[in-house]
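Student: Could you show me how to read ring contacts and helix faces in a model? Please take one feature at a time.

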Amino acid sequence: FDCRVAALANCFPMIPSGKAHNEMLLGEDVPDSEIEAAIDGTFESKIYDDLDTKDQTRKIMTQMWSDSDQYGRAIEYWEGLLKDRPNDTVIMGVLAGINRSAGNWRASVDWYAKVAEATVDPASKVASYQAIGNAAWGKLNSKTLTGAETVELADKGLAALQRAEAIQPKNKSVVSLQGALFLFRSAAHGASWAGAIDRASQ
């Protein structure tokens with residue numbers, strides 16, 4: 001049973017560790033507004049900043065927002081963090097993931113691309129470009145896009161994977177993923193485009 005409780009929610013009365021029963025805390029020293037804020041989530045950001053384990057708390061709250069389809073709140077929170085650390089690739093990656101879960105594939109691809117641009121390490125760049133390819137494949141495989149959207153997303157994925165291949169030309173997973181995206185694109189674009197690709201590859 002996995003249960004997550006907001007800070008200060010249902011904490012009182014409580015007996016601090018190592019204290020006697022007559023030293024029970026009833027919560028008088030904690031303002032009602034702060035307890036209410038903890039319960040309804042009005043001041044999550046303030047609570048996070050007061051915790052030593054704020055990174056873990058962010059992950060938990062982000063998961064809770066995602067599980068309850070409150071992607072907008074999660075995106076707003078992480079974009080706020082990014083304003084203070086504009087080149088933080090970890091935050092950008094989180095935003096890419098949240099948008100992908102929310103079905104915002106264009107925003108997800110854009111964030112993964114920003115991660116790749118901000119990353120210096122070649123292997124990390126390839127991983128970011130592959131993330132775009134994987135996100136594209138996942139959405140295309142859902143078969144929920146229009147023909148034009150399919151072509152657009154396939155092209156974005158292919159462009160990213162071609163950049164990855166330029167860095168690691170022997171990366172088999174990159175080449176294989178390109179092949180999968182070409183199949184989606186050819187199916188959406190028609191036989192003439194597929195034929196042209198086939199002739200060009202001979």
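Tutor: Start with a charge over a ring. This is a predicted model. In it, K114 lies over the face of W111.

Student: How far is K114 from the ring centre of W111?

Tutor: The distance is 4.2 Å.

Student: Next, pairs of rings. What describes a pair of aromatic rings?

Tutor: Two values do: the distance of the centres and the angle of the planes. Searching the whole structure gives two aromatic pairs. One of them is W65 with Y77, a tilted pair. Its centres are 5.9 Å apart, with 50° between the planes.

Student: Which parts does the pair of W65 and Y77 tie together?

Tutor: W65 belongs to helix 3, residues 54-67, and Y77 to helix 4, residues 71-84. The pair therefore links parts twelve residues apart in sequence.

Student: Are W65 and Y77 buried or exposed?

Tutor: Buried means under 20% relative accessible area. W65 has 4% relative accessibility, so W65 counts as buried. Y77 is at 10%, so Y77 is buried too.

Student: Which aromatic pair does Y77 form with W78: stacked or edge-to-face?

Tutor: Edge-to-face: the angle between the planes is 85°. The centre-to-centre distance is 5.9 Å. W78 has a relative accessible area of 8%, so W78 is buried. W65, Y77 and W78 make up one aromatic cluster.

Student: Now helix 4. What span should helix 4 have, and how far apart are its end C-alpha atoms?

Tutor: At 1.5 Å a residue, its 14 residues should span 20 Å. The end C-alpha atoms are 21 Å apart, which agrees.

Student: Why do residues three or four places apart in an α-helix point the same way?

Tutor: Because an α-helix has 3.6 residues a turn. Now apply that here. The buried residues of helix 4 are Y71, A74, I75, Y77, W78, L81 and L82. These residues cover an arc of only 165° around the axis, so they sit on the same side of helix 4.

Student: Which residues are exposed on the other side of helix 4?

Tutor: E76, K83 and D84.

Student: Last, the whole protein. How many helices and strands does the protein have?

Tutor: There are ten helices and zero strands. Of its 202 residues, 34% count as buried. The protein exposes about 12300 Å², and carbon and sulfur atoms supply 53% of that area.

Student: And what share of the contacts with a separation of 6 or more joins residues 24 or more positions apart?

Tutor: That share is 47%.

Definitions and conventions. Residues numbered from 1 in each chain as written. Predicted model: local features only at pLDDT ≥ 70, side-chain atom pairs only at ≥ 80, totals over all residues. Heavy atoms only, no water. Helix = DSSP H or I, 4+ residues; strand = E, 2+ residues; numbered from the N terminus. Buried < 20%, exposed > 50% of the residue type's maximum accessible area, 1.4 Å probe, protein only. Contact = heavy atoms within 4.5 Å. Areas by Shrake-Rupley, 256 points an atom, 1.4 Å probe, with all protein chains shown as cover. Phe/Tyr/Trp six-rings, centres within 6.5 Å; stacked < 30°, edge-to-face > 60°. Lys NZ or Arg CZ within 6 Å of the ring centre and 35° of its normal. Expected span 1.5 Å × (residues − 1). Arc of directions from axis to C-beta.
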